[in-house]
Amino acid sequence: MTSLEVAVIGYGLAGSVFHAPLIAAEPRLRVAAVVTGSAERAAQAEREHPGVRVFPDADALFADLSGIDLVVIATPNRTHAPLAHRALTAGVPVVVDKPFAVTAADAEALVAQAQQRGVLLSVFQNRRWDGDFLTVRELIDTGRLGAVRRFESRFERWRPVPKGGWREVGDAADGAGILLDLGPHLVDQALTLFGPVREVYCELDRRRDGIRTDDDAFLALTHDSGVRSHLWMSAVTPQLGPRFRVLGSESGYVTYGLDPQEAALRAGRRPGEGPWGAVESDAWGMLGADPDLEPYPTRAGDYPAFYTAMADALLDGAPVPVDPRDAVTALRILESARDSAATGVARPL
């Protein structure tokens with residue numbers, strides 16, 4: 001079997017927990033190189049991926065790309081576009097963690113470069129393979145909800161004490177703030193389900209002392225279809241709302257809690273080690289119209305599907321798992337959201 005050599009730039013949370021284990025779980029891919037300036041993380045990479053080459057910085061990797069078939073960028077937000085540009089210039093396919101870039105203009109430039117050079121480019125929108133999202137999609141596709149009228153989606157946390165990292169104390173050039181941290185997931189899911197957006201309204205707040213950027217946001221999207229998506233993201237929510245609340249003409253669906261795949265990966269579990277992404281029946285969402293509600297089975301999540309599809313694209317010419325133009329559209333929406341928050345009025349897209 002052909003094994004494609006993958007270089008992962010960045011071996012913090014994104015690189016070591018999300019990307020490398022999922023790459024290693026795909027038989028046609030191998031974590032062949034890791035870029036990290038941390039001796040501790042370098043040792044971790046060598047333990048977890050025997051035979052891996054470790055580079056101290058991106059310059060060292062780009063000076064020796066021999067045998068590398070795919071570059072995965074899992075670094076801080078401000079570096080995403082510059083590193084992707086370098087990989088594309090070298091003619092090496094690229095996967096970029098979200099957000100694709102800090103600005104829509106930078107993202108558009110990368111898409112144009114990839115098209116001009118004929119190099120594959122994708123964005124790691126792993127939340128398309130959350131089990132609860134797959135369940136919502138199933139309910140919509142099968143007509144169980146009727147015509148969807150309102151879609152509510154939340155990523156909320158309770159972190160009253162800031163951690164002090166760049167996401168909290170960085171500035172716009174860093175891509176800091178919760179809107180650009182969690183917003184790409186929420187907007188991408190809404191676009192995937194309901195299509196183009198014609199109007200954006202946003203509220204942004206900085207609630208905690210000691211931070212320099214937004215930590216509490218609400219985003220309202222009006223889709224061309226007439227569906228309204230209401231999206232919440234917050235670090236200051238002492239009582240968490242439902243993960244999804246979807247209201248249709250015939251029925252509704254409400255579910256709480258997060259997909260279990262992230263917790264499993266953080267705990268060191270790996271795909272293939274028993275059932276993956278399954279949700280216990282006591283955590284299933286509720287489907288129906290009051291008072292007739294019943295639990296509806298949550299589909300198993302499938303983060304490994306991203307790199308399976310990426311291998312298909314590299315080896316067989318299949319489409320990339322996430323079209324980068326989708327991420328450009330999401331960034332345009334997030335930029336309009338900032339404009340709306342600054343002016344207090346909805347913005348056309």
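A word on labels before we start: UniProt positions are given here in the numbering of this structure, feature names are shortened, and annotations may be inferred rather than shown by experiment. Also keep in mind that you're looking at a predicted model.

With that said, select residues 133-251. The UniProt annotation for this stretch, from an unreviewed entry, reads "domain: GFO/IDH/MocA-like oxidoreductase". Colour the span by secondary structure and you'll find 25% helix and 32% strand.

Next, jump back to residues 5-123. Here the unreviewed UniProt entry gives "domain: Gfo/Idh/MocA-like oxidoreductase N-terminal". This span is 44% helix and 22% strand, and 18 Å separates its end C-alpha atoms.

Time to zoom out and select the whole protein chain. In cartoon view, look for 11 helices and 15 strands. The radius of gyration is 20 Å, close to the 20 Å that the globule rule gives for 349 residues, so the chain is as compact as a globular protein of that length. Along the principal axes, its C-alpha atoms fill a box of roughly 60 × 45 × 40 Å.

How many of the 349 residues count as buried? The share is 53%.

Last stop: colour the charges. There are 36 positive and 47 negative ones, and their mean positions are 2 Å apart.

Methods: Residues are numbered from 1 along each chain as its sequence is written. This is a predicted model: local features need pLDDT of at least 70, side-chain atom pairs count only at pLDDT 80 or more; totals for chains, interfaces and linings use all residues. Side-chain values use heavy atoms; hydrogens and water are left out. Helices (H or I, at least four residues) and strands (E, at least two) are DSSP runs, numbered from the N terminus. The radius of gyration is taken over C-alpha atoms; the globule rule is 2.2 Å times the number of residues to the power 0.38. Buried means under 20% relative accessible area, exposed over 50%, partly exposed in between (1.4 Å probe, protein chains only). Lys and Arg count as positive and Asp and Glu as negative; His and the chain ends are not counted. The place of a charge is taken as NZ of Lys, CZ of Arg, CG of Asp or CD of Glu.
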